[in-house]
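Visitor: I have a chain here that I would like to go through with you. Could you take my questions one at a time?

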Amino acid sequence: QVQLVESGGGLVQPGGSLRLSCAASGSLFSIYAMNVVMNWFRQAPGKQRELVASIASGGTASYSNSVKGRFTISRDNAKNTAYLEMNSLKAEDTAVYYCNTEILRRSYWGQGTQVTVSS
């Protein structure tokens, strides 16, 4: 129905950059792809999962205050892929990053990709 697969995580030094990708697939996603909002969440150890960035099908984006100005969300509708470009990374950005979308009031999640910012 809907599959979300994240990639691009890893270990990076403070101040560095990473680009995460979220490839979406499935019969249900194909029907609604042009109408759904794609989200990136993250969850650090011992903390609640938080919304980092969202992008509507037309490209309108929003960000949490903690990443505004450093992260950029984008999407390629032809490839059913969403991206999260992360710059000026800080230790507090360390978390598992999850791709998410909601279709017909059901929330779908990827398996997550680990981002570790450390020297």
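Visitor: To start, what share of the 119 residues in the chain is buried?

Guide: Buried residues make up 43% of the 119, where buried means under 20% relative accessible area with a 1.4 Å probe, counting protein chains only. Please keep in mind that this is a predicted model, in which local features need pLDDT of at least 70 and side-chain atom pairs count only at pLDDT 80 or more, while totals for chains, interfaces and linings use all residues. Residues are numbered from 1 along each chain as its sequence is written, and side-chain values use heavy atoms, with hydrogens and water left out.

Visitor: OK, and how many helices and strands does the chain have?

Guide: There is one helix and there are eleven strands, taken as DSSP runs (H or I of at least four residues for helices, E of at least two for strands) and numbered from the N terminus. Along the sequence the order is β-β-β-α-β-β-β-β-β-β-β-β.

Visitor: Changing topic, what does the C-alpha trace span along its principal axes?

Guide: The trace spans about 45 × 25 × 20 Å.

Definitions and conventions:
Buried means under 20% relative accessible area, exposed over 50%, partly exposed in between (1.4 Å probe, protein chains only).
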